[in-house]
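Here are my notes on this structure. Please read them with the model open beside you.

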Amino acid sequence: MCLNCFLDDSFQNSLKQSSRSDRFETTMEVYRDRFLSELDGLSNAATCDHIPNEIRTDIAPWIDCFLDTVRHIGPIKLIFDTLIGAFRLYVDGRPTRALEQARNIVKKHPPVQELKLDDIGLVFRGRPIDNKTAPINSEFFYHLPFNKRFYVSNQRFSISGIPILYLSRSLLGVKWELSGAKDIAYAAFRLAPYHLPSPSKVPQLYDLSNAVHRLINHVFINFAKRKIGIPNCNDLNFQPNINTFPALFHRFIISQMCTFRRDPLRAGPFVEEYLLAQLLTEAIKEEDYAGILFPSTRYWENANCSNDLARRDFPDNLALFTKYHHSTNFDDSILSLYDIKVLAIPPPKREWDAEVISNQIDSGVAEIWKRKAGYPQKLSSSVNIIHSQLATVQCDGHPYFESELGQMELEAEFDYLNFLLA
Ligand SMILES: [Zn+2]
């Protein structure tokens, strides 16, 4: 195996699943040891079947350079042990010290590249509905109000009693997260340029997505196919480079440790798999981040969709923190940044097919780049990334954009671009 295959979330997931032990601290230790031994046995990327043959020699040197830079066992073991140590402190009844340790981890691992709220323009939210559901308006999609905090259970990036706003980069992601629900209502959360503060004041996000794997499998494969060339790993003008590889790889380890799937056989009020993510969330909040971008752990259950989903951005979820308010029941500081639009099911009938509306979306983005500067450009680019990734996804043997949900997503993208153009 090469580093590219090792970095794949689905490989890491199987490594984690096979490390399951009676206690979660042991699970994490077994995973650490398997991670290290797999890493030690990785071979040259020039032999990798997952990179198209004709461009393999273009990309392999970068991947091998990354591997040579990060494969030193000492720092890797240290980060695993610090994370496992934080977990142990908590289950040993020492939550304050556990949190202190989590804070050290967050402080020691600042982002390699800044991720801000306006890097993601359009996100989606869904809620299960039944025939007793209150009117489905934009308020229905707010976070749970502070006076109903008794409904807030433990989640991966939030603790019981503290409401959080969970969003997804695509409707497909929302559907997966709510896979137990029979009926779901959906809304688009559209970041409104005129509600955003000046660029330097836009809140930062803590990025736990699988950035290196995406860089190789999206950006570099595209570069190579279009003969643009792959940057040299020593090129300090390109980010990431040899100086930032270790930081990026440590981020990858933190992300993996936060995304163990919940064991359905051990379902109870306390979720061991969430604890580390919850401790880090508390530390991340204290460092003034507005939220966390993280990969969904649900898409492996959705084998009926194309299997290279882990290489894309759209399965990512966004958890936005809410700020307590002593008199209002909602955190207006975060909600007011978004224009919330309830999505019609099914979407309004159009005469165009998926390909026509996809072309309209492409020209919408081009139009924004021609006519509008600043936020609209940045926000439209983020829509374009997700759109182009979803364009090739097949679910149940059909293109996603031809399904009802896909049509709703297309409509929402198209609508958002018009909103940005207005
Ligand atoms: Zn490979």
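1. Basis. This is a predicted model; local features need pLDDT of at least 70, side-chain atom pairs count only at pLDDT 80 or more, and totals for chains, interfaces and linings use all residues. Numbering starts from 1 along each chain as its sequence is written. Helices (H or I, at least four residues) and strands (E, at least two) are DSSP runs, numbered from the N terminus.

2. The H5–H9 pair. Two packed helices are described by the angle between their axes and the distance between the axes. The axes of H5 (residues 73–91) and H9 (residues 245–258) come within 10 Å and cross at roughly 35°. Axes here are lines fitted to C-alpha atoms, for helices over the stretch in contact, with angles running from 0 to 180 degrees between N-to-C directions. The crossing of H5 and H9 is right-handed, meaning that the near helix is turned clockwise from the far one by less than a right angle.

3. Who makes that contact. H5 supplies Pro 75, Ile 76, Ile 79, Phe 80 and Leu 83. H9 supplies Pro 246, His 250, Ile 253, Ile 254 and Met 257. Contact means C-beta atoms, placed from the backbone, within 7 Å. The tally is nine nonpolar, one polar and no charged. Ala, Val, Leu, Ile, Met, Phe, Trp, Tyr, Cys and Pro count as nonpolar; Asp, Glu, Lys and Arg as charged; the others, Gly among them, as polar.

4. Helix H12. H12 (residues 354–371) has 18 residues and spans 25 Å from first C-alpha to last, close to the 26 Å expected at 1.5 Å a residue. The expected span is 1.5 Å times one less than the number of residues.

5. Which residues of H12 are buried? They are Ile 361, Gly 364, Val 365 and Ile 368. These cover an arc of only 95° around the axis, so they sit on the same side of H12. The arc is that of the directions from the helix axis to the C-beta atoms. Buried means 20 or more other C-beta atoms within 10 Å, exposed 12 or fewer, partly exposed in between. The buried residues pack against H13 (375–390) and H14 (404–421). The face turned away carries exposed residues, including Glu 355, Asn 359 and Lys 370.

6. Asp 119. This residue lies in the loop between H6 (95–108) and strand E1 (122–129). Asp 119 counts as partly exposed because it has 19 C-beta neighbours inside 10 Å. Ser 380 is 261 residues away in sequence, yet 9.6 Å away C-alpha to C-alpha.

7. Tyr 142. Its loop joins E1 and strand E2 (164–168). Tyr 142 touches Phe 330 and Leu 335, not counting residues up to four places away in sequence.

Key
Two residues are in contact if their C-beta atoms, placed from the backbone, lie within 7 Å.
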